[in-house]
Amino acid sequence: MNHALPAEPNDAPQMKLRERCRALGLPVWRLDTSGVVIDEANQTGLAGVWLRSSVMCRMLADAVRRWNDQETPERLEMFSGCYVVPSVETIRGHRRGYTAFMFLTPEALVTPEFEAVCAASQSDKAAARSAVGRLATFSAAEIDRTVPVLDWMLNDLNRQHESERTIGGFTRHLTDAYEHIELLYTLGNSMSDLQDPERFVRLAIEQLQQTTEFGWVAVRTLKQSRLPGSIADSIFVAGKPSCDAMAFRAMIEEFVESLSPDAGACIASSSADRPLACGAQMVVQPIAGGSRLTAALFTGDKGGDDPQVSSYDTQLIATASAFLGTFFENVSLLNEQNALFLGSLQAMTAAIDAKDRYTCGHSERVAHLATELSRLVGFTQQQAERVHITGLVHDVGKIGVPESVLCKEGRLTEAEFGLIRQHPVIGYDILKGIPQLDDVLPGVLSHHERWDGRGYPHGLEGDRIPLVARIMALADTFDAMSSNRSYRPAMARERVFEEIRRCAGTQFDPELAPLFLTLDFSEFDRLVAQHEAASRSVAVTRAAA
Amino acid sequence: MTQQTILLADDEAHITHVVGMKLRAAGYATVVARDGEEALTLALKHRPDLVITDLQMPYMSGIELATQLRADERTAETPVLMLTARGYVLDESELRATNIRVVLSKPFSARDILRRVEEFLGRGSVPETSRLRNVA
């Protein structure tokens, strides 16, 4: 690859100096080192004709030849009273040419050379003398004083040009750096919110795409990662790839195949034998959590002044990916922690339900129905998840009720019924030691309260019963009536509905009950079938033992 | 000890400004070139103790510059530190044909550069971080 850059014109200070001197009326030429005039004196009228004549050009070429031999070219008197002052122009460290400033004294007007120039330009001597005479106003002493001023001015212009370049570079880089810092601040501040992982992923790639010159930024999360299902095995894209969605997807998938967790970022370049679907280059940055590959970040279709991926780009991409990696790790850990928590609750409720084969799966079904109803009432996803947990543990207190009472076939005595009525309080006491379950306690304690105040354990009435508990009561009763019990077979769906309608306002919240009946019960029926199958197989195993 | 000279070649003026300032503050003399050719001319003229060059420059790249420096007996032994915005990795032939000892990716801090320069020019190393134990 050729790393030499195209040259930018660097004679800005000399150009400015020529402009200023021309504004002062000084004749100015620009010549190359072979003496060829690149830019001639721009005086108008006869003076201009005189200055641009062939003899004048020849004399200037002679001057250039002499300057070429001097390390520091000096002022030259081309003929009596006609001085040229050189300013060296260099490029690539070499002398490229000169700017020549001409100073004329009145003495120059009466020399044979003056007349020779007139002859060459076919000018009338008297007219030319009058025209050039307006330029020939310097004295030798004035020239002595003016020449250093030109030198100083050029030095100042050079320094100014240099400063402008420096400030320009700083400004560009500071602007970029601020944007990079802003991006990292945003990511740092947003990554602690693990509730909605997709939001953070989108934020990260959108910000990265806007901060850089890349046409698109994508994150591919892997299927076999520990990420929650909501974000695993997906491609998130910010910006717009230059190819169609199918080709884009295929390109990403091809690279995902060959990823390894310990590999660093790589820049894939489009080539004849392996063309990229879009753009000339693509950055592939693996994102690993621990030693496992979680995802990969891709960027491509770089635009802007420099379409090649730079180390500034890769550094920012690597850092943003490190944020994503840490975020993914946190999300995975939270996800696993939640799974462990829910798993433990499910194991606990399965243990309770197993005490009575008639209630097999009861807690899970109540959890399901209560969650559905809570969504209908307008609970947020997060609140609905807590209702689900409440449903799972609502009967945990039955652990404290003897099996002989729980599974008794036939009527319960008043004393036995008293034992059963204690289970909400026992459940409450069991769970109150777990701070993470604080919010489910009301639902556990009050799920046997009745709207008319005739429930237990506290006989609460109407709105004084927590909403979660009123929801729980509906789900609990519905499931009880819909299942076989030791003392009666399951009731038909229509009869259950009737019963609920009948008890709205007495046992149940009169507003919740009709809402409950609008639920879709197909998932509930699937759970019932599943639990019945499981309970039959348990019964068979027990019989075999 | 005589003052050591470092040639800085980069077309980005703010880079040579920052690096030059840091190096001069540390006691080095600096010569600045705006492109590869100017750098070569200045290197032969000033015989610097170290050349810091950008990879991408007008007229002559950093690699070409380093190759020419290595080929000229007057500068054959001059170490070269190359800066790049490309994550450039030298191949074997480039390593043999040049005296490039380090490739540093932009962005870098001026302190990074000074540390590497001190390593080359062997002036007092930066002390390592030491751990102080509480002794009861």
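Predicted model: local features only at pLDDT ≥ 70, side-chain atom pairs only at ≥ 80, totals over all residues.
In chain A, five strands line up as an open sheet in the order β8-β7-β11-β10-β9, with antiparallel pairing. The edges are held by β8 (235-239) and β9 (266-269) of chain A, each of which pairs on one side only. From one strand to the next, the twist averages 20°. Within this sheet, β7 (residues 214-221) and β11 (residues 292-302) of chain A run antiparallel and are joined by seven bridges. One bridge to look for links R220(A) with its partner A296(A) in β11(A).

Two helices pack on the sheet. Helix α7 (residues 197-211) of chain A touches β7 and β8 of chain A, and its direction makes about 155° with that of β7(A). Helix α8 (residues 245-257) of chain A touches β7, β8, β10 (281-289) and β11 of chain A, with its direction at about 55° to that of β7(A).

Elsewhere in chain A, helices α9 (residues 311-353) and α11 (residues 381-393) pack with their axes 9 Å apart, at an angle of about 30°. Because angles under 35 degrees count as roughly parallel, α9(A) is described as roughly parallel to α11(A). Here L345(A), Q346(A) and T349(A) of α9(A) meet I389(A), L392(A) and V393(A) of α11(A). This contact has four nonpolar, two polar and no charged residues.

Turning to the partner chain, 19 residues of chain A are in contact with 28 residues of chain B. On the chain A side, β1 (4-5), α6 (140-190) and α9 each supply at least two residues, and the largest share, six residues, comes from α6(A). By class, that side has six nonpolar, nine polar and four charged residues.

Definitions and conventions:
Residues numbered from 1 in each chain as written. Chains lettered and ligands numbered in written order. Axes fitted to C-alpha atoms, helices over the stretch in contact; angles between N-to-C directions. Helix = DSSP H or I, 4+ residues; strand = E, 2+ residues; numbered from the N terminus. Parallel < 35°, antiparallel > 145°, perpendicular 65-115°, else oblique. Contact = placed C-beta atoms within 7 Å. Nonpolar A, V, L, I, M, F, W, Y, C, P; charged D, E, K, R; others polar. Pairing = 2+ DSSP bridges.
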